[in-house]
Amino acid sequence: METHQFKVPASSANLGPGFDSIGIALEKFLYIEARESDAWQVEFKDAFLEVLPDDATNLVVQTAIATARKYGREMPALKIYMGSEIPLTHGMGSSASAIVAGIELADRFCDLNLSDFEKVFRGSEIEEHPDNVGPSVTGGLFVGYYKDDELFYNTLDLEGLEVIMSVPEYEIDTKEARGVLPETYPKQDAVDQNAINNALLMAMMAKDFKSMGRLMMKDRLHEPYRRQLIGEYDRIREIALDGGAYATVISGAGPSLLTVCDARDAEGILGALQAVPGCIHERIKLYRQR
Ligand code: HSE
């Protein structure tokens, strides 16, 4: 009986101004083991996952079934063992990891032989933006654009960069976090955002982390509107920057905050951040390009 075992990395989307476009893969994983069975069944290895459906309505299962059908195939029913290090609804791409896991199951059990590009494309169709599914497929720093059935992306490794994630206890629903954004933006914001992103990408490619960090904190599209939803935003950013961090930004739709820094400053910043209660502050390694 066919059995497959694999893991899908978490991700942090946006990195400030890269709204719906830029993301990085993190060394935290969704773990899947699956084998053919008489009926669909999901068994959770971590208690916090038990809020999720354990039948064919689970996002991993739904994605697998729909992806197989899209390619003219029918998924066999599976028994899936699912474990995870990725908190749900906290801005670390847990849904995107589930979607990528579903695509991977369809690929493996239906012999689809999908390329990474096809997997990112399929994930973007479902999520409607590639900034979480992209890095969960490719690893590394992912920069992409998906619209009207077209996908463009490239990836890069950001070696030398350290990440600290500050994870508040409360959740923020992505729908709610998208709902606080304006329908339209002033022309000057659009012009600035374009220049900020251009400069940001060049800074990333040049590994000019100081400029990168300053540019990451100049977003005009979502951070100014979402920061109000995160009570710890100002304090965490202030402590991190005082400790020498390059930047602190909202991870995805929040409420987690992503601090990027030099390895030499990471322990000091992590220690100082412990003064902010109600959050777990944790160093996380970047998951490199596959
Ligand atoms: N780019 C997305 C957002 C990531 O910020 O809403 C979360 O889905």
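Leu15 is buried, at 3% relative accessible area (buried is under 20%, exposed over 50%, partly exposed in between, with a 1.4 Å probe and protein chains only). Leu15 sits in the loop between strand S1 (3–13) and strand S2 (22–36). Helices (H or I, at least four residues) and strands (E, at least two) are DSSP runs, numbered from the N terminus. Leu15 is not a glycine, yet its phi is positive, about 50°.

The model is predicted: local features need pLDDT of at least 70, side-chain atom pairs count only at pLDDT 80 or more, and totals for chains, interfaces and linings use all residues. Residues are numbered from 1 along each chain as its sequence is written, and side-chain values use heavy atoms, with hydrogens and water left out.

Asp149 also has a positive phi, near 65°. Asp149 is exposed, at 54% relative accessibility. Its loop runs between strand S5 (141–147) and strand S6 (150–156). A cis peptide bond links Gly254 to Pro255, with omega about 5°. Pro255 falls in the loop between strand S8 (247–250) and strand S9 (257–262).

## Domains and their interface

The domain assignment gives domain 1 (3–156) and domain 2 (161–285); such bounds come from an automatic or database assignment. Their centres, taken over C-alpha atoms, are 24 Å apart. In contact are 24 residues of domain 1 and 36 residues of domain 2 (contact means heavy atoms within 4.5 Å).

The two domains bury about 2,200 Å² between them, and carbon and sulfur atoms give 65% of that area. Pro17, Phe19 and His90 supply 30% of what domain 1 buries against domain 2, more than any other three residues. Buried area here is the accessible area (1.4 Å probe) that two parts lose on being put together, summed over both. Two salt bridges are found across the interface (a side-chain nitrogen of Lys or Arg within 4 Å of a carboxyl oxygen of Asp or Glu). Arg178 and Asp20 form a salt bridge through their side chains, at 2.7 Å from N to O.

## Aromatic pairs

The whole structure holds eight aromatic pairs. Rings of Phe, Tyr and Trp (its six-membered ring) pair if their centres lie within 6.5 Å; planes under 30 degrees apart are stacked, over 60 edge-to-face, the rest tilted. Tyr185 and Tyr225 are edge-to-face, because their planes meet at 70° with ring centres 6.2 Å apart. Tyr185 is in the loop between helix H5 (174–179) and helix H6 (187–205), and Tyr225 is in helix H8 (residues 223–226), so the pair ties together parts 40 residues apart in sequence. Tyr185 is partly exposed at 27%. Tyr225 is partly exposed at 28%.

Phe117, Phe121, Phe142, Tyr146 and Tyr153 make up one aromatic cluster. The charged end of Lys7 sits over the ring of Phe29, 4.1 Å from its centre (NZ of Lys or CZ of Arg within 6 Å of the ring centre and within 35 degrees of the ring normal).

## Selected helix positions

Asn197 belongs to helix H6 and is buried at 17%. Beyond neighbours within four places in sequence, Asn197 contacts Pro17, Gly18 and Ile22. Thr63, in helix H1 (residues 59–70), is buried at 3%. With the neighbours within four places in sequence again left aside, Thr63 contacts Ile99, Gly102, Ile103 and Ile126.

Gly268 lies in helix H10 (residues 263–273) and is exposed at 51%. Gly268 and Gly243 are 25 residues apart in sequence, with C-alpha atoms 6.7 Å apart.
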